[in-house]
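Please read the following note beside the sequence and the model.

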Amino acid sequence: MEGTIIKGVGGFYYVSAGEELITCKARGAFRKEGITPVVGDRVTLTRHNSGYAQIDTILPRRSLLVRPAVANIDRLLIVLSARYPEPDWLLADKLIVQAISGNIEPVLILNKADEADEKVLAAFWTDYSRFPKAVVSAKEGQGLEELKELIYGHVCCFAGQSAVGKTSLLNALLPELDLPVGELSRKTDRGKHTTRHAQLWPCFLGALLDTPGFSLYEPESFDKTLLQRAYPEFLEAEPCRFPGCMHVKEPDCGVKKLLSLGKLSQGRYERYQLIAQDFIYRRKHQYD
Ligand SMILES: Nc1nc2c(ncn2[C@@H]2O[C@H](COP(=O)(O)OP(=O)(O)OP(=O)(O)O)[C@@H](O)[C@H]2O)c(=O)[nH]1
Ligand SMILES: [Mg+2]
Ligand SMILES: [Zn+2]
């Protein structure tokens, strides 16, 4: 039998197969082999006369994300909150890099448009002009039709810090779900991590995955093609002096020239520098 893992909690996997939802455990050998089934995985399973069904194999994945751990996603819906919490642009840029390295198309979503000021809106439109995107409000329903169009026919996963409104957007798109949403902690202005597990909801001829909010991620690799896809605006640059230029400290860098001509977003470039320097540091120390 074949099915899709829609949720995994405490060693149990809930697998949707046809019209059924089957509670499974993973084959014992997975652990020894260091394999972990994740939400979105297509699996084969066997049922037993007593006890839980067993996941026997994980079918080849067409994509894999590490954080959140989800498989077979086509699009990563990176949600930023216009306000409360303030948009975490650096996390968004890191998630773009992560999506691209996992072979997933990034889509930028600015939620809480009802509370957005002009500055945030302008930054969102310029910094992400080359990516598919939408400005929405889960609260007031703004932009939901555009969001639906971005989702239609794709398996999409929400990602972004706690309290940006990922679950609220899911509720706005699929009101029958009526999932619990959280508040902001008044003391820390941080989310409360209301969603605890990734879960997949089939809809719009594709699926939506809700995930817990999180705030840290470090990309593992940073090769040239990844860089070009995560920073398509760099493609406008003249060739750099060094072919392996990381556009950070090297002389005669086309990207820095683009910046000095005002043709590149200062914010995007500054955040790029942080991500690239981090990566260069980790590459240097990976065998320490
Ligand atoms: N003003 C406004 N508030 C919103 C909007 N969308 C969500 N919120 C509020 O933001 C808070 C957090 O919403 P959630 O949907 O729980 O956020 P989340 O991203 O799922 O958070 P985690 O599950 O913790 O990762 C709630 O108090 C929502 O009511 C919006 O469009 N406008
Ligand atoms: Mg949530
Ligand atoms: Zn360069």
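1. In which loop is the place of Pro 85? Pro 85 lies in the loop between strand 8 (75-81) and helix 2 (89-101). Helices (H or I, at least four residues) and strands (E, at least two) are DSSP runs, numbered from the N terminus. The peptide bond from Tyr 84 to Pro 85 is cis, with omega near -5 degrees.

2. This is a predicted model, in which local features need pLDDT of at least 70 and side-chain atom pairs count only at pLDDT 80 or more, while totals for chains, interfaces and linings use all residues. Residues are numbered from 1 along each chain as its sequence is written, chains are lettered from A and ligands numbered from 1 in the order in which they are written, and side-chain values use heavy atoms, with hydrogens and water left out.

3. The protein chain has 8 helices and 13 strands. Its radius of gyration (taken over C-alpha atoms) is 21 Å, close to the 19 Å that the globule rule gives for 288 residues, so the chain is as compact as a globular protein of that length. The rule is 2.2 Å times the number of residues to the power 0.38.

4. Asn 103 is not a glycine, yet it has a positive phi of about 65 degrees. Its place is in the loop between helix 2 and strand 9 (105-111). Most residues other than glycine have a negative phi, and most peptide bonds are trans.

5. Around ligand 1 there are 22 residues, and the closest are Asp 114, Ser 162, Ser 168, Gly 182 and Thr 195; a residue is counted if one of its heavy atoms lies within 4 Å. Helix 5 (residues 166-173) gives the largest share of this shell, 3 residues.

6. Several polar contacts (pairs of N or O atoms within 3.5 Å) involve ligand 1. A polar side-chain atom of Asn 111 is 3.2 Å from a nitrogen atom of ligand 1. An oxygen atom of ligand 1 lies 3.1 Å from a backbone N or O atom of Lys 139, and a polar backbone atom of Ala 163 is 2.9 Å from an oxygen atom of ligand 1.

Note on methods. Polar contact = N/O pair within 3.5 Å; in protein donor to acceptor, adjacent residues only side chain to side chain.
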